[in-house]
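Subject: Handover of a structure, with notes

Dear colleague,

I am handing over the structure below, and I would be glad if you would read the notes that follow with the coordinates open beside them.

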Amino acid sequence: MASTRPSRVGDQLRAEIANLLAREVHDPGIGFLTITHVHVSPDLQVARVYYTTLGDEKARRETSRALGRATPFLRRQIGSRLRLKRVPLLEFFFDESIERGDRIERILNDIGAERAAGADGDAAPQHTPDEPNRNEPNNDE
């Protein structure tokens, strides 16, 4: 039961950070950003904020820098909005689990398409005339 308080604080932080980024932070480097998960340490001192963003690697780096610039503002706002003894230190990390899930889904779809194409091609077994057909009985005796 010790993990319920950090998870509740993490949920509150996620909602508050998402709200602040959408309405209060006006940094053009942030762009389209989604807060996916916030993991708070058991002592409530550190919050690891995981996010995803649209764009390539360059946009990802710019978003990371913009979040670094916005971190002090976010901590001040969270301190005034949430009732916590200490505002946790915010650490932002790009969440690669979404990309990994998409990659796995693409691989599975490719395998399914290959199997479907292979099943269509294997409907009638093909053999060359000089090879004996293994599906028919051998009458050469």
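A crossover between two strands is called right-handed if, with the strands pointing away from the viewer, the path from the first strand over the helix to the second runs clockwise. Helices (H or I, at least four residues) and strands (E, at least two) are taken here as DSSP runs, numbered from the N terminus. In that sense E2, H2 and E3 make a right-handed β-α-β unit.

Please keep in mind that this is a predicted model, in which local features need pLDDT of at least 70 and side-chain atom pairs count only at pLDDT 80 or more, while totals for chains, interfaces and linings use all residues. Residues are numbered from 1 along each chain as its sequence is written, and side-chain values use heavy atoms, with hydrogens and water left out.

The overall layout

The protein chain has three helices and three strands, and from the N terminus on its elements run α-β-β-α-β-α. Buried residues (under 20% relative accessible area, against over 50% for exposed and in between for partly exposed, with a 1.4 Å probe and protein chains only) make up 27% of the 141 residues in the protein chain. If contact is taken as heavy atoms within 4.5 Å, then among contacts between residues at least 6 apart in sequence, 59% join residues at least 24 apart.

The strands

Two strands are said to pair if DSSP finds at least two bridges between them. E1 and E2 pair in the antiparallel sense over seven bridges, with Thr 34 standing opposite Thr 52 in E2, and the two strands form a hairpin with five residues between them. Leu 44, in the loop between E1 and E2, has a phi near 60 degrees, a positive value in a residue other than glycine; most residues other than glycine have a negative phi. E2 and E3, by contrast, pair in the parallel sense over six bridges, and here Val 46 stands opposite Leu 89 in E3.

In a regular strand the side chains alternate between the two faces of the sheet. E3 has a covered face, made of Leu 90, Phe 92 and Phe 94, and an uncovered one, made of Leu 89, Glu 91 and Phe 93.

Thr 52, in strand E2, counts as buried because its relative accessibility is 15%, and beyond its neighbours up to four places away in sequence it touches residues including Thr 34, Thr 36, Phe 94 and Ile 98. Thr 36, in strand E1, is partly exposed, with a relative accessible area of 28%, and its contacts beyond four places in sequence are with Arg 14, Tyr 50, Tyr 51, Thr 52 and Asp 95. The C-alpha atoms of Thr 36 and Ile 98 are separated by 9.2 Å, although the two residues are 62 apart along the chain.

H1 has 20 residues and reaches 29 Å from its first C-alpha to its last, close to the 28 Å expected, where the expected span is 1.5 Å times one less than the number of residues. Its buried residues are Pro 6, Val 9, Gly 10, Leu 13, Glu 16, Ile 17, Leu 20 and Leu 21. They cover an arc of only 140 degrees around the axis, which puts them on the same side of H1, the arc being that of the directions from the helix axis to the C-beta atoms. On the other side of H1, Ala 22 and Arg 23 are exposed, whereas the buried residues pack against E1, E2, H2 and E3.

A nonpolar core is a set of buried Ala, Val, Leu, Ile, Met, Phe, Trp, Tyr and Cys residues joined through side-chain atoms within 4.5 Å. Of the 26 residues in the largest such core, Leu 13, Ile 17 and Leu 21 touch the most other members, and H1 (4-23), E1 (33-40), E2 (46-53), H2 (57-81) and E3 (89-94) each supply at least two residues. Beyond four places in sequence, Ile 17 is in contact with Ile 35, Val 49, Ile 78, Leu 90 and Phe 92, while Leu 21 touches Ile 30, Leu 33, Ile 35, Leu 67 and Leu 74.

With best regards
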